[in-house]
Amino acid sequence: MLDASQNTMTKPNTRRAEGRKIVQPLSTISTAQIFLCFLQLGFTAFGGPIAHLAYFREAFVAKRHWLSEAQYSELVAMCQFLPGPSSSQVGFALGYHAGGWRGALAAWLGFTLPSALLLTLAAVGVLATQGLPTGILQGLLAVAVAVVAQAIWAMAKQHSAGGGRLIVMLLAAAVLCVFSSAQATVLVLVLAGLIGAISFRPTSSDTQTAALRAPSFPIGILLLCLALSLLFVLPLLSTLSPWLALTDSFYRAGALVFGGGHVVLPLLQAELVTPGWLSADTFYTGYGLAQAVPGPLFTLAAYLGASVPALASPLLGASIMLIAVFLPGLLLVIGLLPFWAHWQRHLRVRAAVIGLNAAVVGLLLATWLVSIVPHAWTDWRGVALTIAASTALQWAKWPAWLVVVLSTAAGFALAMV
């Protein structure tokens with residue numbers, strides 16, 4: 001079955017100006033290109049989900065022009081509402097937009113494989129389990145501060161210009177700096193959407209955004225029903241074997257996470273440590289290692305799946321549990337795309353999206369202030385590394401991967417001094 005928008009997304013008029021940028025025709029993007037682009041990010045995207053969104057924007061909006069700024073912002077806003085790993089969902093949807101189902105799978109594999117393989121090797125004892133030296137971690141965090149700051153500034157100019165939008169952004173940031181729970185995040189986004197629907201009037205630039213590639217409505221309904229059905233069917237099968245029991249645990253954790261990858265920690269702990277599948281020491285060692293590798297935090301599932309003694313097959317356990325924890329979020333994001341494309345045609349919905357986009361910038365700002373900066377700026381070295389990374393990214397226009405490599409080397413050198 002063809003994608004609902006596939007017949008229009010490959011026409012010559014797809015290459016059109018949006019502002020000063022030209023959106024690349026999707027027909028020119030190969031599956032191999034999608035995989036390699038996301039694989040590069042999988043090796044270099046340190047800093048957590050908010051930093052990942054900044055890396056994605058730089059790679060696919062600013063550099064390669066696979067989609068417009070407005071399309072990307074709407075995709076980020078949509079994924080903030082869904083359970084699951086938001087940055088991986090955005091990456092999966094980007095791959096689907098660029099290359100259909102093969103592109104989506106290539107994007108997920110490229111972004112996920114590096115950290116999943118590293119954590120699986122750590123679980124079976126091939127790699128040391130003490131994490132990375134402090135200097136290297138400080139260099140990686142400094143890059144995350146610079147990348148996220150650059151993204152916040154660019155997105156604020158696009159989505160928070162004007163008094164009303166700026167107020168929504170600042171209020172969202174202020175509230176989320178004080179209340180950083182997943183529930184507070186969802187509430188702030190809902191309120192921002194309501195404020196936008198009531199108060200904002202879309203302009204021509206707000207209402208002429210090309211739709212993202214989306215499956216047909218029947219396929220979307222099928223995917224949403226499948227995601228919900230597995231949530232009820234897997235518990236019924238969980239008594240048949242340890243494999244099904246743990247698959248149910250990982251799937252349920254992935255389906256109930258709101259607010260980012262860190263929220264999965266207490267859910268997986270309750271599913272694995274409390275019943276006795278894993279020791280607390282093993283669990284927290286894996287969590288510490290997951291902080292030190294690039295890519296999504298959900299790849300912690302690979303480490304845990306490889307570490308459960310009852311499964312007896314580390315590689316198979318890592319593979320199945322990794323798929324189980326990602327699957328609900330990926331089904332939901334692609335299943336919702338056709339409905340999102342339909343809803344965004346309505347004036348009030350587009351006005352709500354304006355409020356949502358402003359609040360998402362506020363969310364990025366709050367996370368930057370509360371979570372990223374304090375961890376990176378523990379002393380003068382972190383500040384110096386951030387200034388150097390910002391200069392290299394913003395003015396020298398060096399690629400992010402090169403800045404990551406040089407910043408980690410500089411961080412290690414400074415720590416030795």
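Tutor: Helices here are DSSP runs of H or I with at least four residues, numbered from the N terminus. The model is a predicted one.

Student: In which helix is Ser-115 found?

Tutor: Ser-115 belongs to helix H5, which comprises residues 86–123.

Student: Is Ser-115 buried or exposed?

Tutor: Buried means a relative accessible area under 20%. Ser-115 has a value of 0%, and it is therefore buried.

Student: Which residues is Ser-115 in contact with, leaving aside its neighbours within four places in sequence?

Tutor: With those neighbours set aside, the contacts of Ser-115 are Val-293, Pro-294, Gly-295, Pro-296 and Thr-299. Two of these residues also take part in polar pairings. The side chains of Ser-115 and Thr-299 form a polar contact at 3.1 Å.

Student: At what angle do helices H7 and H16 pack?

Tutor: H7 (residues 163–178) and H16 (residues 347–376) pack at about 40°, and their axes are 7 Å apart. H7 is therefore oblique to H16, since angles under 35 degrees would count as roughly parallel and those from 65 to 115 as roughly perpendicular. The crossing of the two helices is right-handed.

Student: Which residues make the contact of H7 with H16?

Tutor: From H7 the contact draws on Arg-165, Val-168, Met-169, Ala-172, Ala-173, Leu-176 and Cys-177. By class, the residues of the contact of H7 with H16 divide into 15 nonpolar, 2 polar and 1 charged.

Student: How should I read phi values?

Tutor: Most residues other than glycine have a negative phi. Against that background, two residues deserve attention. Phi of His-65 is near 60°, a positive value in a residue other than glycine. Phi of Ala-312 is likewise positive, near 65°.

Student: Where do His-65 and Ala-312 lie?

Tutor: His-65 is in the loop between helix H3 (49–63) and helix H4 (69–81). Ala-312 is in the loop between helix H14 (300–307) and helix H15 (314–343).

Student: How do His-65 and Ala-312 count in terms of relative accessibility?

Tutor: His-65 has a relative accessibility of 22% and so counts as partly exposed. Ala-312 reaches 69% and so counts as exposed, the cut-off for that class being over 50%.

Definitions and conventions. Residues are numbered from 1 along each chain as its sequence is written. This is a predicted model: local features need pLDDT of at least 70, side-chain atom pairs count only at pLDDT 80 or more; totals for chains, interfaces and linings use all residues. Side-chain values use heavy atoms; hydrogens and water are left out. Axes are lines fitted to C-alpha atoms, for helices over the stretch in contact, and angles run from 0 to 180 degrees between N-to-C directions. Angles under 35 degrees count as roughly parallel, over 145 as roughly antiparallel, 65 to 115 as roughly perpendicular and the rest as oblique. A crossing is left-handed if the near helix is turned anticlockwise from the far one by less than a right angle, and right-handed if clockwise. Contact means heavy atoms within 4.5 Å. Ala, Val, Leu, Ile, Met, Phe, Trp, Tyr, Cys and Pro count as nonpolar, Asp, Glu, Lys and Arg as charged, and the others, Gly among them, as polar. Buried means under 20% relative accessible area, exposed over 50%, partly exposed in between (1.4 Å probe, protein chains only). A polar contact is a pair of N or O atoms within 3.5 Å; within protein, one must be able to donate a hydrogen and the other to accept it, and residues adjacent in sequence count only if both atoms are side-chain atoms.
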